[in-house]
Amino acid sequence: MSEAEVRAIRVPVLVIGTALDMVHPLSHARAFASVIAHAQFAEITPKAIDRQLMTDTILFGYGTAQDGGPIPAWHWAYADLHIYPAPDIEGAKALLEDQIG
């Protein structure tokens with residue numbers, strides 16, 4: 001979308017960003033929210049730190065953190081498959097602490 005198209009958005013928008021997203025930097029999310037009239041910006045906890053807290057923030061407490069991302073339990077795509085190893089939350093926090101101090 002062009003900046004003109006983004007500025008033309010006239011519906012309520014919630015722009016969500018996280019400090020650890022290297023593909024979509026937090027500064028881009030803030031800039032995106034700043035050009036949309038009536039947009040709200042929310043910085044959320046990265047799923048690498050706390051998947052359930054991220055899910056609760058996005059889905060207002062109506063979802064369960066899954067291996068592929070936040071999916072509400074009532075959604076057709078919800079499945080308790082756990083095809084990936086369990087996340088090492090403490091290990092992720094330690095790695096982040098080492099990198100960002």
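User: A salt bridge is a side-chain nitrogen of Lys or Arg within 4 Å of a carboxyl oxygen of Asp or Glu. How many salt bridges does this rule count here?

Analyst: Side chains of opposite charge can pair when their charged atoms come close. By the rule, the count is three salt bridges. The model is predicted, so to speak of local features requires pLDDT of at least 70, side-chain atom pairs count only at pLDDT 80 or more, and totals for chains, interfaces and linings use all residues. Residues are numbered from 1 along each chain as its sequence is written, and side-chain values use heavy atoms, with hydrogens and water left out.

User: Which residue forms a salt bridge with Glu-43?

Analyst: Glu-43 pairs with Arg-30, and their closest N and O atoms are 3.2 Å apart. This pair links distant parts of the chain, with Glu-43 in strand β2 and Arg-30 in helix α2, 13 residues apart. Helices (H or I, at least four residues) and strands (E, at least two) are DSSP runs, numbered from the N terminus.

User: Are Glu-43 and Arg-30 buried, exposed or partly exposed?

Analyst: Buried means under 20% relative accessible area, exposed over 50%, and partly exposed in between (1.4 Å probe, protein chains only). Glu-43 is partly exposed at 44%, and Arg-30 is partly exposed at 43%.

User: Where do Arg-7 and Glu-3 lie, and how are they separated?

Analyst: Both belong to helix α1 (residues 3–7); being four residues apart, they are separated by about one helical turn.

User: Which residues of helix α3 are buried, and where do they fall around the axis?

Analyst: In α3 (residues 51–59), the buried residues are Arg-51, Met-54 and Thr-55. Seen down the helix axis, they fall within an arc of 100°, so they line one face of α3. The arc is that of the directions from the helix axis to the C-beta atoms. After α3 comes Phe-60, with a positive phi near 55°.
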